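This report examines a structure in terms of its strand pairing, its nonpolar cores and its salt bridges. The sequence and coordinates are shown first.

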Amino acid sequence: MAGGRRRKLLFSKIYTFSCGKASLRDDLSQIGGPGFSRVIFCNDPEGYEASNLNYGDNYVRTTKYTLATFFPKSLFEQFRRVANIYFIIVGCLSFTPLAPYSSVSTIIPLIIVIGVSMVKEAIEDWRRTKQDIEVNNRKVKVRRVDGSFDNTEWRNLRAGDIVKVEKDNFFPADLLLLSSNYDDAICYVETMNLDGETNLKLKQALEVTSGLHEEVNFSDFKPVIKCEDPNANLYSFVGTMEFGEQQYPLSSQQLLLRDSKLRNTDYIYGAVVFTGHDTKVMQNSMEPPSKRSKIERKMDMLVYFLFSMLVLLSFIGSIFFGIATRDDLESGQMKRWYLRPDDTTIFFDPNRAPISAIFHFLTALMLYSYFIPISLYVCIEIVKVMQTIFINQDLLMYYEEADKPAQARTSNLNEELGQVDTILSDKTGTLTCNSMEFIKCSIAGTAYGYGITEVERAMAKRKGSPLVHEEVHVEDSANKKPTVKGFNFQDKRIKNGKWIDEPCSDVIQKFLRLMAICHTAIPEVDEDSGNILYEAESPDEAAFVIAARELGFEFYQRTQTSISLNELDPVSKKQVQRTYKLLNILEFNSTRKRMSVIVRNEEGQLLLLCKGADSVMFERLAKNGREFEVQTEEHVNEYADAGLRTLVLAYRELSEEEYREFNEEFTEAKNLVSADRDARIDEMVEKIEKDLILLGATAVEDKLQHGVPECIDKLAQAGIKIWVLTGDKMETAINIGFACSLLRQGMKQIIINLDTPEIKAVEKEGDKSEIAKASKASIVHQIDKGKAQLTPSSGGSDAFSLIIDGKSLVYALEDDVKNKFLDLALGCASVICCRSSPKQKALVTRLVKVGTGTTTLAIGDGANDVGMLQEADIGVGISGVEGMQAVMSSDFAIAQFEYLERLLLVHGHWCYRRISSMICYFFYKNIMFGFTLFLFEAYASFSAQAAYNDWNMSLYNVLFTSLPVIALGVFDQDVSARFCLQFPLLYQEGVQNVLFSWLRILSWMFNGVCGGVIIFFFCTNALELQAFRKGGEVVELEILGATMYTCVIWVVNCQMAISVSYFTLIQHIFVWGGIIVWYLYLLAYGAMSPTVSTTAYQVFIEACAPAPFYWLITLFVVISSLVPYITFSAIQMRFFPMYHGMIQWIRNDGQSEDPEYCNTVRQRSIRPTTVGFTARREAKARHLREKRRHRT
């Protein structure tokens, strides 16, 4: 707060050598040129010059529609469905004399279908609108004209506004950092929503603005910022600030990005540079796409097919009609005199038979419109909405801790959930829950810590055997949550000061002291509890400091030049305060893979304390420092196999002369401004980080979300491929890969990066074109080399993993390289893309989606995942603790990654099967109904005479047969949720699309044709030549139509009854109720005036119901029509069962509790997997078998 206590510590001098200072090498010559034309008048957004620039406001919209675009865009969406185009044409023609039925019966169903779909779209988009309103109405303090800072909504901000953002709040726009509560104007920023990283980033303002601490300081502050135009690059910013007749260079070190959060800093002042959709996070997002499922797109092809069949039937009928009409009048002789061909309209004129045939063709197109089910779309919309309600209300996907249920944000893609072939997942906040726990360590060759990792527990659970040391040591606490966040260490030997009694207590003391000193964390006292909290650059670093504190070495104070600890003294066994003079911090980077600090203790000793990856630490040990190397290396391998992140700890004492020489050279290297500055620093550091004495190793669990290994294992068994796309460092991503069993010991890693000596040599020269050329050639070479490794082992049991960083992805995703990269990636068991920008995540997703042609699912939790979620066929957002950007842009939202297993394997499979069966059944019943119309028209010389009453035809799909189909789509289950999870390969029925293949669709259509033929010929042949009633009357058109219609209703509903796998009361009501409603309709409609009921007047009461023959024909025809389907189903189930049929045997035969029988069936579901803890356990068992074979 203004005027409050301010921190004096200059943390920038502790953290980094070049923190925040704009590089002298920055190229600012482009300012004002193309792509660098943005001008911001700070603190004067309402001025004349600023107003003329007309930059956009800060309102952000993620919705698909606006009020102005809803009707045109949603109508366009509806008429992307080819059937709706056909029905609007038929509707227009129905107003002409050509129509074989009334226009009302055609137009009203079309209006209902389109209206219901548009209302559904509006409701779904309104949900997104409400979330946009919540974000845009967040408050931030902005400077007013009178100099005061008042709260305003985010949406009201304009470029040039001065804002004050307080601790733990999100930045409302892209801001230029001006000052903070720290003297040197630094602040700490959490960018998890942007790049997925939880470690804090350090930002620093220009020195010229660092003194703007009070509100009154801004009265005369009116600089002009000239910078780059809005772009999607999160990691660069080029600009200048003109202030006080001087020009100051700006870099990304001064830019605070929207949706990142201010941490460990009381407040900052900033100037708004980019607003709304100009911000970098929004530049990385894309317009919400209009997604359609593959089944829906295939439905369009089916409609084309049926329309072609309809045109063919109409064309054939018109030819026969034209020939018959022409022959009606020959040389003045009338062949069919009762039709009066000598006195008729143009539609039946023998003298103009070709024209009559053309008119008949148009009439037939309308008559046969029942081949294409208009109610299919509206029924699918209703079913999908009901399916989303079941997903939303599934208690097994409800996260009670955060009170967050699953949420289906669109219903268009329900069936796609059952066809996913590849999952592309973010890491931070998606696979992990952003917390690290210190769980084990190895000190002086002795392993400490009995904690059980999630990976170990999952493997033991799968194997069915308890972990020995879990039983002995942590039987009661294995599932307890740690009492201290970040510390889940269980070992009485060194807890509570007991390490003093250990044989190597002196080594343990040095080990714990190193953990408490070798870091860059900052202590902060909680004003409420008085406890010390730590803000660290990474969660694992915080875990080390917390572990040291819990084991007796509390880090409590840091100054520019010292670190203070409360240490447990082994002699007095009391806490004593010790201060270490901090001389140098040798920072961690991905090349060095280690960090060190040089300190002087109170006795005057110079100590170099170092921690790093085992791959670089063991080689730097002194000959006399390798006493525990063998044991430590074994422990490190064990920890890695358990999915833990490991670091090796070592130290050495320095002489005064050695340190003096190092410090002079190191300081000189730091002050260089040439291109090889970093290389010189690394060279100096290499000289001092050697001859180390090994102390031990740490093991930190990168805490996965609950159930992640089990979920990944089950998805792998279902045949789903999993890729991880993360903004994290390669080492972090690899560790998580091991933790969640995407990677395992023994899996061959193909690592593609640009950290080669050749590339570094080219980079030193600084020629950008040469760098790009060499980098691309290197990537192509590495890809070819990786593919060469895959080829020899393609038939073997070796599993490969592909790991690639963001710099390499730039070249791997180029048009002439991306197909090679995709081929390599598809040949690997798991793929991890590190340091990926949001744009790269989206491009990789697009490459997989387009390159494989399969269904892709992207899952993430941050704003950096939005492009990926929108590009994938299905986007799943994790409604985690940070931000709602991913959820707002997703198709489905869940609270935990583990719920993805149930969402796909249970709801996905059910939705896919229900929608597939529903569509097949729809085409079956409409083809059956349409074929009876066609055959009757052929029977009536193709005269376009309908066999049924107008309203009978209109209500066929709406009233008598639609509700059972809706019940099928909502309630049917081929197998229960338990069996879906027990037999995961069942999911492959959706991936391989066996339930909606062309063979299955055509077989249902053929069933409909057979049914229509049986119904028509049995009815006509049975009724044509004999008396129907007691008076000896023969049947008329109305009686024949009513009898055929009754048979159709019975057949399609009984077909539904024998097709359903899981009957509910609602399905019984709808199936049998549809038949009952038909009879009630005949009674009610037939009782109306003849002017209303027309041909249906009293037809049931007077003709059909009293005639026994009517009931006998119905019974005989229904049985005959169902015999082909029943025969086919029996043969298939007996000799060629599908996988869900085998599982149904288990359920129906009561053998679900028979382990041997279930195991026999399960063998077909458990395919050889290469990822997951099942694969990890099988690989380990295979390795042991090979070792035994070699010994014998």
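## Strand pairing

Two strands are taken to pair if DSSP finds at least two bridges between them. The model discussed here is predicted. It contains an open sheet of 6 strands in the order S3-S2-S4-S13-S5-S11, with antiparallel pairing. Strand S3 (149-153) and strand S11 (255-256) are the edge strands, each pairing on one side only. Within this sheet, strand S2 (residues 139-143) runs antiparallel to strand S4 (residues 162-166), and 2 bridges join them. Lys-141 stands opposite Lys-164 in S4.

Elsewhere, strand S20 (residues 522-525) and strand S21 (residues 532-535) are antiparallel and joined by 4 bridges. One of the bridge pairs sets Val-525 against Ile-532 in S21. S20 and S21 form a hairpin with 6 residues between them, and Gly-530 in the turn has a positive phi of about 80 degrees.

## Nonpolar cores

The largest nonpolar core holds 112 residues, of which Met-918, Ile-919, Phe-929, Tyr-948, Trp-1078 and Tyr-1110 touch the most other members. Helix H28 (residues 899-939) supplies the largest share of this core, 17 residues. A second, separate core has 76 residues, including Ile-517, Ile-598, Leu-608 and Leu-649.

Beyond four places in sequence, Tyr-1110 touches several residues, among them Phe-1028, Trp-1078, Tyr-1079 and Phe-1100. Helix H28 also contains His-907, which counts as buried because its relative accessibility is 7%, under the 20% limit. Leaving aside neighbours within four places in sequence, His-907 is in contact with Phe-390, Ile-391, Asp-394, Met-397 and Arg-902.

## Salt bridges

Side chains of opposite charge can pair when their charged atoms come close. The count in this model comes to 45 salt bridges. One of them links Lys-721 with Asp-421, the closest N and O atoms being 3.1 Å apart. Lys-721 lies in strand S29 (residues 721-725) and Asp-421 in strand S17 (residues 420-425), so the pair ties together parts that are 300 residues apart in sequence. Lys-721 is partly exposed at 33%, whereas Asp-421 is buried at 9%.

Glu-689 and Arg-594 form another salt bridge, with the closest N and O atoms 2.6 Å apart. Because Glu-689 lies in the loop between helix H18 (677-688) and strand S28 (693-704) and Arg-594 in strand S25 (residues 594-600), this pair ties together parts that are 95 residues apart in sequence. Both Glu-689 and Arg-594 are buried. A network of salt bridges links Arg-513, Glu-567, Arg-578, Glu-602 and Glu-603.

Terms used
Residues numbered from 1 in each chain as written. Predicted model: local features only at pLDDT ≥ 70, side-chain atom pairs only at ≥ 80, totals over all residues. Heavy atoms only, no water. Core = buried A, V, L, I, M, F, W, Y, C linked by side-chain atoms within 4.5 Å. Buried < 20%, exposed > 50% of the residue type's maximum accessible area, 1.4 Å probe, protein only. Contact = heavy atoms within 4.5 Å. Salt bridge = Lys/Arg side-chain N within 4 Å of Asp/Glu carboxyl O.
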